[in-house]
Amino acid sequence: MIIELSELIKHKSFKKDIQLTYEEDKLYYDGEEILFIKPIYTEGSITGIGDIISVDLILNTELQLTCSRCLEKFNYPLEFEIHEKFSTENVEDDNVIFLENDKLDITELVENSIIMALPIKKLCKEDCKGLCQKCGTNLNIHTCDCESQDIDPRLAKLKDLFLDN
Ligand SMILES: [Zn+2]
Ligand SMILES: [Zn+2]
């Protein structure tokens, strides 16, 4: 969704309400394909005061992420607020994003904000046990015998000593 600002910014101040629901299939981030399992819903407003255009939105959707420990897919509901400032003038303020034309691409802003809101550590649950490094068993579901066979070689020697006596 692209908002034409040219008409709006003719006024000294303006406020435009936004309510938007749209479907998005997937996004690519960090070489990973992330599916949307719910439409993106966003609402809020675009306010212009002087040269500054403020976008204040609340957004919610649900994504499907892959757990970085056990590689299982899990649903990740996402709800957060977006607060960004734009200007069509060259304002000396690092917090203000310069718009080259009088167009504000809400869809792009939403997608970038979703990427920023992704967790750094993608875990299906806080205490995910992950996969066994030897046999690949998902340790959340099954246990495997690898751990019990995996005796520290120093301990093994000690065990031999005891057996000798
Ligand atoms: Zn996991
Ligand atoms: Zn194992």
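Predicted model: local features only at pLDDT ≥ 70, side-chain atom pairs only at ≥ 80, totals over all residues.
The chain has 165 residues, and 11% of them count as buried. Of the contacts in the chain with a separation of 6 or more, 56% are between residues 24 or more positions apart.

In soluble globular proteins, nonpolar side chains tend to be buried together. Here the largest nonpolar core has 11 residues: L5, I40, I46, I53, V55, L57, L59, L104, L109, V110 and I114. At least two residues of this core come from each of β5 (40–49), β6 (52–66) and α1 (106–117). The element that gives the most is β6, with 4 residues.

Helix α1 can be followed in more detail. It has 12 residues, which at 1.5 Å a residue should span 16 Å; the end C-alpha atoms of α1 are 16 Å apart, so the two values agree. Which residues of α1 are buried? They are L109, V110 and I114. These residues lie on the same side of α1, because they cover an arc of only 135° around the axis. The face turned away from this buried side carries the exposed residues E108 and M116.

The buried residues of α1 are covered by several strands, including β3, β5, β6, β7 and β9 (103–105). For I114, once its neighbours within four places in sequence are left aside, the residues in contact with it include L27 and L78.

Two residues in loops have a backbone feature to look at. D30 is found in the loop between β3 (26–29) and β4 (32–36). Although D30 is not a glycine, it has a positive phi of about 60°. Is D30 buried or exposed? D30 has 8 other C-beta atoms within 10 Å, so D30 is exposed.

L71 is found in the loop between β6 and β7 (73–87). L71 has a positive phi of about 65°, and it is not a glycine. With 12 other C-beta atoms within 10 Å, L71 is therefore exposed.

Notes: Residues numbered from 1 in each chain as written. Chains lettered and ligands numbered in written order. Core = buried A, V, L, I, M, F, W, Y, C linked by C-beta atoms within 7 Å. Buried ≥ 20, exposed ≤ 12 C-beta atoms within 10 Å, placed from the backbone. Contact = placed C-beta atoms within 7 Å. Expected span 1.5 Å × (residues − 1). Arc of directions from axis to C-beta.
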